[in-house]
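I opened this structure for the first time today and kept a notebook as I went. Here are my entries, in the order I looked things up.

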Amino acid sequence: MSRVGSGEPSKGSKAVRLGRDLVLLLGILAVFAFVTLVFFWQWIPYLDSALIGPPEDNMQDFWNTWYASVARDSDFFFTELLRFPEGTPLYYHSFTYPKVLAIAMLSKVVGTDLSTLILLQNLSLLVSFPVAALGAFYLVRHFTGGVAGAWIGGFVFAFNPSHVQHVLHHAHVSSIEFIPFFVLSYLLALERRSALWLGLAIAFYALSALSSWYHLFYLAYFIGFHALYTSIHERAFPRGWELLAPVACGVGAAVLLSPLLVPMVTAAAGGGSEYTALGTDRFVADVAAYVAFPPVHLLAALGEPIYRNLSGNAWEATVYLGLVNIGVMGWLFLRSQTKDRALLSYVFWGMVVFCVFASGETLRVLGHRTLPMPGALLAQLPFFENVRTPSRAILFVYLFLAIGVGQAATLAWREHSRLLRRSGLVALAVLMALDFYPARAEMTPVSCSRGLTMIGDDPEGGFGVLNLPSGRPAAYNESNVYMFQQATCHGRPILQGNTSRNVVVSLRDRLEVNDVEAQRRQLSGARVKYIVINHPAGELFSWRPEDGLQDEYLRTYPVVYNDSEMTVLRVY
């Protein structure tokens, strides 16, 4: 038994501290879960009947969940459900592995009916907010030593506009929750020379990369930045543990990820332009977008003229830092003491470096290319050239911003009177929340035409479905819809399908469209039993010349189903 006052903590005191730490952790999760409900209250009644976000890549993400939980092939990384009958590899596909595997395991308990899978899919997206906030809370507290700043910093990182936008579109890009845990573990490993913390850093590195393979690069960039910044600040090259830890972290993560990395690197080395399609200078961070209100903002109308001039699409272009946050950072620069300047310098240069990465090959200002950027060199490196959406690196800018804003809140808490600091921080938190609050929260309803249900009920097995219109190469958004229809309605292999990188030549690519009788022989020989012609709906399903003449299809193939949404034809 330890003696009281001996300087050695007793078992009881350890238990008390552990209990307090657990209560704090659960409290943080509960508070940020409540903030998540407030932010996205419009979605809550429909979480089991509609997908979060407008009809786009979210449908592909649901296919990923369905595939992992219900329809996966014996070889997970190759499927004949897409690009039938040849099939396609899935190493480059947009799986958010921790989430789809967690859902697959949960579905064994709660079931795999459609409403349950939709609910699990949506919850897996929403959970990234409180968990990311939890990690950022502890990271900001590590830097600032202040709880008030940690709360605000946790919010800034987790609820940043880029995260909100990508939750509407990309499950993998929005899975940022492991990033702050990695950074904290890595820094503690360096500071404490701890193999245990280094092991945790490697684990969080792997989880981050498995969530989105872009994070494999961003975390490596952070390790490089931290090593370079520390070397310059201390005027000494890393040596000993300071050199061993970053190398061991990178090597350890690479070893854990090697079953996935090796096939990816091999495929990219032997592949062609399909691996670098769209390049690395289209979806980039524009200087104007740092201060322009994004499309889901309460004041989005004011930012809309700027977003019209940006390259790529609006959600990839969203890098809004928040006018309130920028003002807070300005105040921090003016008020910080000498002892605080070191942290401010670290935050500032971290933001600058990752803004550079997010800029791609050239610095864009209102859509105009200006200065060449280091991204042009990265785009020439093998494998690195496959990281084709530079703007996603903005997540680390938000992480450094969270530390800076947290430090400002900590200073305000310490310097001012109790009443002033409490009221001021509450007002600041409200302004930040309003500045990041999403005014629009779209969803994609789920419904099945009886024509698709009929295809699913066909007792024959092993046949495929051709969806039209699609064009060649297949129209991107339409292919997402066809994947969604497969996962929610009929479960049959389809000739289309988006796999992030369409790296195989399949029947759809060589399908005869000018001679429909020859086409019928092609389809029959490949056991393609049905053709689904989707009727125009908004911007989707406009018939394309690359698909041939629609009237020829109707004259050649018998119609087995027709309604306002689609016409189903039978090939054999």
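**Entry 1: the disulfide**

I began with the link of C448 and C489, which is left-handed, with -95° about the S-S bond. I noted that the two sulfur atoms are 2.1 Å apart; a disulfide here is a pair of cysteine sulfur atoms within 2.5 Å. C448 lies in the loop between β6 (443–445) and α19 (450–457) and C489 in helix α20 (residues 476–490), so the pair ties together parts 41 residues apart in sequence. I searched the whole structure and found one disulfide.

**Entry 2: what I am looking at**

I reminded myself that this is a predicted model, where local features need pLDDT of at least 70 and side-chain atom pairs count only at pLDDT 80 or more, while totals for chains, interfaces and linings use all residues. Residues are numbered from 1 along each chain as its sequence is written, and side-chain values use heavy atoms, with hydrogens and water left out. Helices (H or I, at least four residues) and strands (E, at least two) are DSSP runs, numbered from the N terminus.

**Entry 3: two helices**

How do α10 and α17 pack? I found helix α10 (residues 214–234) and helix α17 (residues 394–415) at an angle of about 45°, their axes 10 Å apart. Axes are lines fitted to C-alpha atoms, for helices over the stretch in contact, and angles run from 0 to 180 degrees between N-to-C directions. The two are therefore oblique to each other; that word covers what is left after under 35 degrees (roughly parallel), over 145 (roughly antiparallel) and 65 to 115 (roughly perpendicular).

I then listed the contact (heavy atoms within 4.5 Å). From α10 come H215, Y218, L219, F222 and F225, and from α17 L395, F396 and F400.

**Entry 4: an open sheet**

I traced four strands in the order β7-β8-β10-β9, with mixed pairing; strands pair if DSSP finds at least two bridges between them. β7 (464–468) and β9 (559–562) stand at the edges with a single partner strand each, so one side of each has no neighbour in the sheet. From one strand to the next, the twist averages 20°. β9 pairs with strand β10 (residues 566–570) in the antiparallel sense over three bridges, and N562 has T567 as its bridge partner in β10.

**Entry 5: a hairpin**

My last stop was strand β4 (residues 362–365), which runs antiparallel to strand β5 (residues 368–372) and is joined to β5 by three bridges. T362 has P372 as its bridge partner in β5. Two residues sit between the strands of this hairpin, where L366 takes a positive phi near 55°.
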